[in-house]
Amino acid sequence: MKINNSWIVICLLSHDGPYELEFSTHLLPSLQKFNIPYYIEVIESKGSWLKNVAQKPGAIFNAMEKYPNKDIVCLDADSEILSYPSLFDNIPEEYDLAFHTLDWNTWYRNNSNIKELLSGTMYIRNNEKTRKIVEEWYFTSNNYDMWEQKVLSNILEKNKDIKIYDLPLEYCWINSLPDGKDPFIKPDNVIIQHFQASRKYRKLIK
């Protein structure tokens with residue numbers, strides 16, 4: 001298996017929390033299986049799930065500083081790589097960010113017309129434009145009572161010069177609906193799946 005030299009996976013974990021188990025069970029073995037380089041940032045719990053996930057852009061920024069010659073792939077601890085994610089080797093240079101936008105009409109079949117940015121799998125080009133976005137993302141997430149994923153969506157609405165590549169669902173497939181049932185859609189070749197551990201832990205993390 002090839003070892004990639006242009007990007008590195010980063011993951012945020014809270015110390016002595018349930019996501020350490022999720023990481024060691026799902027993401028870590030798959031990173032090792034495909035020989036993918038990774039950087040883990042461990043933080044002390046901030047007292048809530050919302051405050052903990054607000055540290056994600058900070059971890060991304062730290063990785064951008066630590067690895068200035070690598071682009072960043074940010075994965076949640078409860079994700080698993082099922083096949084080598086070759087798309088990350090081939091995203092055209094002109095794109096700054098890549099993530100999947102979930103169409104609620106298709107995913108939930110609820111006629112809501114909502115399009116949701118998913119931050120569970122993200123590709124961040126390591127350049128000055130994205131560093132400024134990540135800094136604003138971190139500041140806003142940590143100073144307002146708002147989910148980091150929604151914060152980023154709002155920031156990108158105001159920064160149209162950031163060129164976004166739409167990752168296919170295969171790169172951020174959630175393996176169950178909120179009620180625990182199987183999704184209506186499953187691609188033939190899922191590359192990265194997410195277990196949505198936050199459904200279990202969101203109210204438990206202190």
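A: A residue is called buried when its relative accessible area is under 20%, and exposed when that area is over 50%. The model discussed here is a predicted one. Two aromatic rings are taken as a pair if their centres lie within 6.5 Å. Under this rule, the structure has 8 aromatic pairs.

One of these pairs is formed by Phe88 and Tyr123, whose rings are stacked, with 5.9 Å from centre to centre and 15° between the planes. Phe88 belongs to the loop between strand E4 (79–81) and strand E5 (97–103), while Tyr123 belongs to strand E6 (residues 115–124), so the pair ties together parts that are 35 residues apart in sequence. Phe88 has a relative accessibility of 2% and therefore counts as buried. Tyr123 is likewise buried, its relative accessible area being 2%.

Phe88 also pairs with Tyr171, here in an edge-to-face arrangement with 5.3 Å between the centres and 75° between the planes. This pair links distant parts of the chain, since Tyr171 is in the loop between strand E7 (164–166) and strand E8 (173–174), 83 residues from Phe88. Both partners, Phe88 and Tyr171, are buried. Together with Trp7 and Tyr84, the residues Phe88, Tyr123 and Tyr171 form one aromatic cluster.

The loop between E4 and E5, which holds Phe88, is also the place of Asp96. Asp96 has a relative accessible area of 3%, and is therefore buried. Leaving aside residues up to four places away in sequence, the residues that Asp96 touches include Tyr123, Lys129 and Lys163. Lys163, for its part, has its charged end over the ring of Tyr95, at 4.9 Å from the ring centre.

Strand E6, which carries Tyr123, takes part in a further link. The side chains of Asp103 and Lys115 form a salt bridge, with 3.9 Å from N to O. Asp103 is in strand E5 and Lys115 in strand E6, 12 residues apart. Asp103 is partly exposed, with a relative accessible area of 25%.

Notes:
Residues are numbered from 1 along each chain as its sequence is written. This is a predicted model: local features need pLDDT of at least 70, side-chain atom pairs count only at pLDDT 80 or more; totals for chains, interfaces and linings use all residues. Side-chain values use heavy atoms; hydrogens and water are left out. Rings of Phe, Tyr and Trp (its six-membered ring) pair if their centres lie within 6.5 Å; planes under 30 degrees apart count as stacked, over 60 as edge-to-face and the rest as tilted. Helices (H or I, at least four residues) and strands (E, at least two) are DSSP runs, numbered from the N terminus. Buried means under 20% relative accessible area, exposed over 50%, partly exposed in between (1.4 Å probe, protein chains only). A charge sits over a ring if NZ of Lys or CZ of Arg is within 6 Å of the ring centre and within 35 degrees of the ring normal. Contact means heavy atoms within 4.5 Å. A salt bridge is a side-chain nitrogen of Lys or Arg within 4 Å of a carboxyl oxygen of Asp or Glu.
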